[in-house]
Structures are given as C-alpha cells and as structure tokens.
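Biologist: Please take a close look at one helix and follow it into its surroundings, giving the cut-offs as you go.

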Amino acid sequence: MCEYYEINVKQYAAATFSADMSEQYRRFLPLLKEGARILDVGSGSGRDACCFQKLGYQVTALEPSKNLCREIRKVFSGEIVCSDIQSYWPRERYDGIWACASFLHLQEEEVLRFFEKLDLYLKDSGIVYLSGKNGIPTGKVGDGRYFLEFTEELVGKILAVNERVRLEEVWYTEDVSGRDGFRWMNVIFRN
C-alpha cells in the first residue's frame, strides 16, 4: 500500500469528497435492484459509499489506508473494512462492485486475478463498475504511487480470464477536477 494516502489523508479526502460522479452513478445504479448490496473498493474519502447509502443501498466501504478508514468513519455509518481487495474475503457476495479510481493502483496481474475469482465477490448477474486513467504511462509517479493505464486491451484481457464476465459499456470522461493530460476510462461489466 502506498504511503501517499496515509500521509496526505486530509488533503486527499477534501479534494475528492465533493467530486461530481453523477454521470457514473446514472449508468451504474439503474443496473442494480433497490436496496442492493454494494462493495465500494478503495473507498477513499467515502464519497461514493455515502451517496449509495443515502439512496438506500447496503454498502461496505473497503479501503486499505488506515487513515482514510478513519476519515470515512466521520461521514459514513455503514460497514468499513480496512483491507485491500487482494486480501479481502467477503462473508456474502455483492450485487454490485464499485471500483472508482482504485484498481488503477494495482498491477495488471492483480486486476486479472481479481476477475478470475470474481464469483467470490459478486453474485450471478452482478455488476462491476471500474474506472482508471487512460493516456498515461504505466508505472510509478513522483509521489511514489503506481498507476496502471486503463486501455481497451486491458478490458479484452479481463474478458479473456473469465468467460462468464460480459462487457456492458465503455465510455470516456474528462477529469471532474479539471486535470489535463489524461482521460478516465469507465467500464461496466456484468457477471
């Protein structure tokens, strides 16, 4: 786990909590039934977990940073699990998995391993939302964080490792914080 989030917890939470994710919510949430169970992977500031909980979904916030888990607790009353996705073994499977800008810190092999064992996390016909940066080099940046570029080739590899997984939608968005030099690749899969 990168120390960046442990050290910069206040600034990171403040900078990301109010980001407008309404377009992504509009595409993801209608695919779930009312009151569905959602796993928010890499919950960060807790922004999405809070929104989903307010809308009546049963949400588990999964976050590897201990300091961010403490920040999430200030705004979110649901279950918080302080763990990375590679170490997390749920008691029950989820209807939806929301992984907004979190899998981009995994190695490609870790992303593919997650999708190989998707049935451990996701119910049949469950939905996965995934987003990552497109148009960046894969590797470490100056602050120590590792970034995996999200590409259509990566989507193809995900589909190849688990024949049950179906691609629902791929779309690109500009950065909601106004940063340049990349765009966000948004992908929805169905199990």
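Modeller: On one side of helix H7 (152-161), Glu 152, Glu 153 and Ala 160 are exposed, where exposed means over 50% relative accessible area, buried under 20%, and partly exposed in between, with a 1.4 Å probe and protein chains only. This is a predicted model, in which local features need pLDDT of at least 70 and side-chain atom pairs count only at pLDDT 80 or more, whereas totals for chains, interfaces and linings use all residues. Residues are numbered from 1 along each chain as its sequence is written, and side-chain values use heavy atoms, with hydrogens and water left out.

The buried residues of H7 are Leu 154, Val 155 and Ile 158. They fall within an arc of 100° when seen down the helix axis, so they line one face of H7; the arc is that of the directions from the axis to the C-beta atoms. Helices (H or I, at least four residues) and strands (E, at least two) are DSSP runs, numbered from the N terminus. The cover over the buried residues of H7 includes H6, E5, strand E8 (166-173) and E9, contact being heavy atoms within 4.5 Å.

H7 also supplies at least two residues of the largest nonpolar core, as do, among others, H6 (108-116), E5 (122-134) and E9 (183-190). Such a core is a set of buried Ala, Val, Leu, Ile, Met, Phe, Trp, Tyr and Cys residues joined through side-chain atoms within 4.5 Å. A second, separate core of 21 residues includes Ala 49, Phe 52, Ala 61 and Ile 188.
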